[in-house]
Structures are given as C-alpha cells and as structure tokens.
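Subject: Structure for your files

Hello,

Here is the structure I said I would pass on. My notes on it follow below.

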Amino acid sequence: MTKRENPQVRDLNLVRTFREVRASSGSTTTELVRATGLSRPSINSLVSELTDLGWVVAVEPVPNGQGGRPPQRFRFHAEIGRILGIDIGVHRISAVLTDLAGTVLAGHELAVEPTAAPAQRLDRLDEVVEAALAGAGATPEAVWSVAAAVTGPVDAQGRTSMVSPLPGWAEVDLVGHLGRRFTCPVQVENDVKVALLAEHEWGVVSGARDVVYILAGLRTGAAALVNGRLVRGHGGAAGEIGALPAVRWLTALEDLQHVPGMPGSLRESERSAWTFRQARQGNAEAREAVWRYARDLATGAAAVVLTLDPEIVVLGGGSTPWADLWGAEFGAMLSKSVVRMPQVKVSSLGPDHVARGAVRLAMADVESTFYAERLLPAERPHA
C-alpha cells in the first residue's frame with residue numbers, strides 16, 4: 001500500500017478483487033484489471049495480498065500449443081475449509097459436505113421412521129453426519145460452518161417451538177446437539193426456505209430478485225425472496241400458508257394417496273409416486289387425482305403470489321419429476337386467480353436440494369464473517 005492510499009479504499013478493492021476471483025474458475029491479471037477497472041500494478045499487489053491471506057492460489061499454467069508461456073491464473077482457495085449442510089425430514093435425514101465454494105465432496109442419507117422419537121432421530125442424524133465426513137476423509141475440525149434444515153417454522157434460537165410434524169421435536173435443542181460435535185458456528189432454518197436458497201444459487205432462478213418457491217412433495221409449503229432477501233417474518237413463520245385450511249394445502253396430498261386400486265401395502269411415502277405412474281399410463285382416476293392436486297397447490301400459491309407479486313414461481317420437491325403431468329393444470333389455475341401471472345419454472349435440482357440449501361446458508365455465514373466489507377485471514381472460525 002502506498003503512503004497516499006486510503007486504508008478503507010484498499011480494503012474495498014481487496015474484497016472487490018477477491019469476489020472477482022471467487023466468481024470464476026481462474027482469473028488472469030488482465031481479466032481482473034478489466035473487471036475491476038484497477039491498474040495492473042494495483043491488481044498485482046492485491047492478488048499478492050490475497051495469496052498471503054490464504055484466499056487465493058495460483059493455477060498451474062496449461063500450455064496452449066501456440067508457443068510462449070500462458071498467462072498466470074488465480075483461483076479461490078476453496079479447499080481450505082469444509083461446509084456441512086443437513087436435511088432433517090420426516091422420512092429421511094441427509095447431509096452433504098462441500099468445500100467453501102459449495103462444491104459437493106461427499107454426502108449420505110438414511111431413512112427414518114416418521115414416528116421416531118427425538119433421541120432416535122438424533123442418533124440417525126449422528127450416523128449420517130459421521131458418514132458424510134468419512135466420505136470426504138474430513139474431521140469435525142475441518143468444518144467452518146454447519147447449517148441444518150428442519151420441517152416447520154424455526155425461531156431465532158433454532159427451535160421449531162411453534163409447530164412441527166416431527167414427534168417431540170419442539171423440545172430439541174438442535175444447535176446444542178450439533179455444537180457438541182462441531183466448534184464452528186451452527187445454524188438451523190426451515191427446510192422450504194433453504195430449498196429456495198439452493199434454487200437461487202444453483203438452480204433455475206439464479207439471479208432473480210423476487211421469487212416464490214412452492215414445495216410440492218410429501219409436504220406442501222412456501223418460501224419467498226423479496227428483492228433478493230429471504231423472507232423469514234418476525235418469528236420465522238413466514239410462508240406457512242398451509243396452516244390456513246381455505247388454501248387446501250393441508251389436504252392436497254390426499255388427492256394422490258387415496259386413488260381406487262392403490263395397493264394397501266404401500267407406505268405413505270410411496271403412494272404419490274404410484275398415482276403419478278398410473279396417471280402416466282392413462283389411468284383416468286389417477287389423472288383426475290393429479291389434476292385436483294395441481295389445483296389445490298395453485299390455490300395456496302395464488303395467495304402468496306397475490307401478496308408478493310413475484311417475478312417467478314418455482315416448483316420444487318418430490319412431485320416435480322412428474323410435473324409434466326400437473327404443471328400445466330397448476331399454471332392454468334394460478335393464472336385464473338392472480339392479477340399478474342408470474343413465470344412458472346420447475347426446479348432443476350435433485351433430491352439433495354434441501355441439504356444443499358443448508359450449505360448455501362452456511363456459506364453465507366462464512367461470507368459475512370470473512371469477506372463482507374473487509375477481508376480477514378483464512379483461518380477456521382470458532383463458535
């Protein structure tokens with residue numbers, strides 16, 4: 001830093017340069033000059049400082065076959081830390097372990113009985129977490145941030161004290177439980193809300209500012225981004241539209257789970273897929289059930305759309321692989337009920353989308369701690 005350079009300006013330029021490096025797979029000095037508008041000597045100095053702080057590493061040049069030495073590239077040193085995202089559902093628990101950029105390194109999931117007591121569910125959680133860490137050869141000490149997603153509204157202490165379909169879960173201190181294994185920060189958030197975070201980071205609504213997410217699966221729920229920010233509400237209960245009987249979300253799944261001819265041996269988690277398969281094969285009663293389901297989903301979605309006027313409604317959850325059977329009916333019903341029809345898109349993410357959304361929440365914690373307005377040295381945080 002020169003004598004005349006303002007330290008605050010230096011910090012801002014350092015963060016700005018780092019963000020450009022972080023957003024690409026490898027940036028050259030020339031590309032950073034072009035992206036930031038800073039001089040080449042300034043970029044060289046800033047990249048050197050970023051390297052010393054541990055956030056940036058040089059990429060080994062790859063010969064281009066045209067003679068001469070290819071330009072040096074620099075990339076985000078994402079592998080210095082790990083992030084853990086967890087999804088605790090009614091029927092299964094899953095976890096993914098990523099680097100600081102959100103690249104998945106390992107994952108694991110286990111089924112759990114819907115009636116499992118909290119102690120049993122926490123035991124399964126511990127098994128899943130241990131397996132995910134082992135899958136990447138990582139220890140708890142390597143993890144920089146942990147986030148867990150649970151079903152039901154989550155308060156400021158990370159508890160689902162208002163309502164939860166998980167038996168006895170209102171009394172569970174999940175932050176404390178995970179904190180006994182990890183010394184890094186631990187967060188808990190609602191599963192639908194973090195699913196929207198994943199969709200916004202890696203899915204079909206990347207970059208959109210006003211989005212409504214509709215979870216269509218074994219449970220129906222909603223979440224929203226307004227001006228790019230997740231809407232939580234005063235106590236974390238924003239988006240719990242299904243609590244209002246008039247929107248028919250409480251009974252929407254019954255349309256799919258009680259179709260004539262359905263084998264009585266099917267589990268609750270298998271019934272909807274059976275109905276969708278029957279509808280695809282031309283079963284008239286199954287098709288009518290699927291259309292009723294779509295109309296019920298649209299009734300609740302309309303309430304959210306009328307309130308928030310989003311740019312996009314994205315459909316996610318376990319019913320979306322079958323969206324070709326019900327998406328058009330959903331859109332038609334929604335268009336009849338709203339003042340301005342938003343775009344309707346189907347999620348492009350897989351079954352680990354909630355766990356990946358938890359990763360995105362944990363990534364935001366690392367970002368706010370280390371490279372918001374000022375860049376700190378790349379050292380693992382402690383809670």
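Arg292 forms a salt bridge with Asp255, the closest N and O atoms being 3.5 Å apart; a salt bridge here is a side-chain nitrogen of Lys or Arg within 4 Å of a carboxyl oxygen of Asp or Glu. Because Arg292 lies in helix α9 and Asp255 in helix α7, the pair ties together parts that are 37 residues apart in sequence. Helices (H or I, at least four residues) and strands (E, at least two) are DSSP runs, numbered from the N terminus. Arg292 is partly exposed at 33% relative accessibility, while Asp255 is buried at 12%. Buried means under 20% relative accessible area, exposed over 50%, and partly exposed in between (1.4 Å probe, protein chains only).

Before the rest, the caveats. This is a predicted model, in which local features need pLDDT of at least 70 and side-chain atom pairs count only at pLDDT 80 or more, whereas totals for chains, interfaces and linings use all residues. Residues are numbered from 1 along each chain as its sequence is written, and side-chain values use heavy atoms, with hydrogens and water left out.

By the rule above, the salt bridges number 19. One of them joins Arg232 to Glu189, with 2.6 Å between the closest N and O atoms. This pair links distant parts of the chain, 43 residues apart: Arg232 is in the loop between β11 (229-230) and α7 (254-257), and Glu189 is in strand β8 (residues 186-190). Arg232 is partly exposed at 26%; Glu189 is buried at 5%.

Another salt bridge pairs Glu329 with Arg295, the closest N and O atoms being 2.9 Å apart. Glu329 lies in helix α10 and Arg295 in helix α9, so the pair ties together parts 34 residues apart in sequence. Salt bridges with shared partners also join Arg22, Glu201, Arg360 and Glu367 into one network.

Helix α10 (residues 323-337) has 15 residues and should span 21 Å at 1.5 Å a residue; its end C-alpha atoms are 20 Å apart, which agrees. The expected span is 1.5 Å times one less than the number of residues. The buried residues of α10 are Ala323, Trp326, Gly327, Phe330, Gly331 and Leu334. Seen down the axis, they fall within an arc of 145°, so they line one face of the helix; the arc is that of the directions from the helix axis to the C-beta atoms. The face turned away from the buried side carries the exposed residues Ala328 and Lys336.

Regards
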